Amino acid sequence: MSTTATLTQTENDLILRAARGQPTERVPVWLMRQAGRYLPEYGEFKLKHNVGFFDMVKTPSMACEITLQPLRRFNLDAAIIFSDILVIPQVLGMGVDVVEGKGVIFDFLLQTPDDLDKLHQDADVVRDLSYVMDAITMTRHALNGQCPLFGFSGAPWTLMKFMIDGGSHSPLPKARKWLVTYPDASRKLLQLLCEKVVDYLVAQVKAGAQILQVFESCAGELGPDHFAEFSLPYLKDIAYRTKEKLCETGFEPVPMVVFAKDAHFAIDDLSNSGYDVVSLDWTINPTHARRIAGKHVTLQGNLNPCLLYAKEGELKSAVKTMLQRFGTQRYIANLGHGVHKDVNPDNVETFVNAVHMFSEDINAT
Ligand code: CP3
């Protein structure tokens, strides 16, 4: 019997319906980085168990608990498994840690194409990331049908960028320089990452993930031509092959979301790339985005994450404007990027409740 066969049906399936273009009685809402450092209970958990970030990610019971923390506070329409995009470079043999005050630290970075030989190219992501799959299955059971669970992965270019530039801001654009100086090696690396991402996403669905998001967080720095050459083909391949592999193995494909941050120039292409949902950052006007994207795709986003520092009235009015611009159908409310670590959780509550209230009002009129 497959893992998913034993899992409970989901009561609140708003987000799945919105992603598939079916009618919704109100707008579903979740937040990127909804679990983590801005929640006091996350800090307390870390302290109590005296663990680092990746210890929690690699211990399914801990990842499950932290995934559920924001759902206990807020009326969210989705959970997202607590993990990180950098688990793929780890499986390929690069040591990665998150150090307080320093951010993401790699034990080595890729400097020249010869360094590709240092990667464990035959690594089996399904086996080596089984802790993520276990965390997903455990969280599905713990959610007991409350709302759908997101799985996710980094996209090839964003992973390549971290593997070459590291976690902190690189003084030289080394990863972008690779695309120009070593285009063949770049394509080889992107293809390798693409294969791993497909296997990883398929395994997440088999373990119980009901919707998937692919994070191309560093898309904007490519510009239109390099995006078309070094990001979009891999993003498309991931959407098509993930769905195809699921079908071939008797699993129903799940909705897929693409978040290509700052890639305004590609909204048209992204809307025709095999994804059900295009997630937008906050620098684009929703009305403009909808005009470009057309009606056959769901949009997600895109409140400026800094509005979570605003006074209640200002925040609510920004949410109302956002909903009026996006409309209430084929739409999932979210921020334009993750929650910042010094945000007051009460403001996240105001955001979530405002989406509920205004979208029910708009739908009723
Ligand atoms: O959204 C969620 O709630 C799920 C969890 C999640 C995390 N990272 C947890 C995390 C997700 C979806 C990610 C994705 C991720 N990780 C991305 C893509 C999204 C984006 O933000 O653009 C990227 C680029 C990363 C890489 C990464 N991991 C960075 C840049 C950092 C921050 C380093 C720092 O100290 O500032 C991390 C660590 C990380 N990932 C934390 C969390 C909660 C902070 C860990 C801690 O210090 O406790």
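Seven nonpolar, 2 polar and 1 charged residues make up the lining of the largest cavity. Start the tour there, and keep in mind that this is a predicted model.

**Stop 1: the cavity**

Select Ala260, Ala263, His264, Ile267, Leu270, Val278, Ser279, Leu280, Asp281 and Ile284, the residues that line the largest cavity. Now colour helix H13 (267–271) and strand S7 (277–279), the elements that give two or more residues to this lining. The space inside is about 50 Å³. The count is 1 cavity of 30 Å³ or more.

**Stop 2: the sheet**

Show the strands in the order S1-S4-S5-S6-S7-S8-S9, and you have an open sheet of 7 strands with parallel pairing. Go to strand S1 (79–80) and strand S9 (331–335), which stand at the edges. Each has a single partner strand, so one side of each is left without a neighbour in the sheet. In general, strands of a sheet pair through backbone hydrogen bonds, either parallel or antiparallel.

Zoom in on S1 and strand S4 (residues 149–154). These two run parallel and are joined by 2 bridges. Pick Ala79, then Leu149 in S4: they are bridge partners.

**Stop 3: a cis peptide bond**

Stay with the sheet and select strand S8 (residues 298–303), where Asn302 is found. Look at the peptide bond from Gly301 to Asn302. This bond is cis, with omega near -15°.

**Stop 4: Arg33**

Next, centre on Arg33. Arg33 sits in the loop between helix H1 (14–20) and H2. Check its backbone: phi is positive, about 60°, although Arg33 is not a glycine. Most residues other than glycine have a negative phi, and most peptide bonds are trans.

**Stop 5: the ligand**

- His337: a polar side-chain atom lies 2.6 Å from an oxygen atom of the ligand.
- Ser217: an N or O atom of the side chain is 2.7 Å from a ligand oxygen atom.
- Ala35: here a polar backbone atom takes part, 3.3 Å from an oxygen atom of the ligand.

On its own, the ligand has 880 Å² of accessible area, and the protein covers 88% of that.

**Stop 6: the largest pocket**

Which element gives the largest share of the lining? H8 does, with 3 residues.

Finish by colouring the pocket lining by class: 20 residues are nonpolar, 16 polar and 11 charged.

Notes: Residues numbered from 1 in each chain as written. Predicted model: local features only at pLDDT ≥ 70, side-chain atom pairs only at ≥ 80, totals over all residues. Heavy atoms only, no water. 1 Å grid on protein atoms, 1.4 Å probe; cavity = no way out; pocket = protein on both sides within 12 Å on 5 of 7 lines; lining within 4 Å. Points joined across faces, edges and corners; volume = space filled by probe spheres on them. Helix = DSSP H or I, 4+ residues; strand = E, 2+ residues; numbered from the N terminus. Nonpolar A, V, L, I, M, F, W, Y, C, P; charged D, E, K, R; others polar. Pairing = 2+ DSSP bridges. Polar contact = N/O pair within 3.5 Å; in protein donor to acceptor, adjacent residues only side chain to side chain. Areas by Shrake-Rupley, 256 points an atom, 1.4 Å probe, with all protein chains shown as cover.
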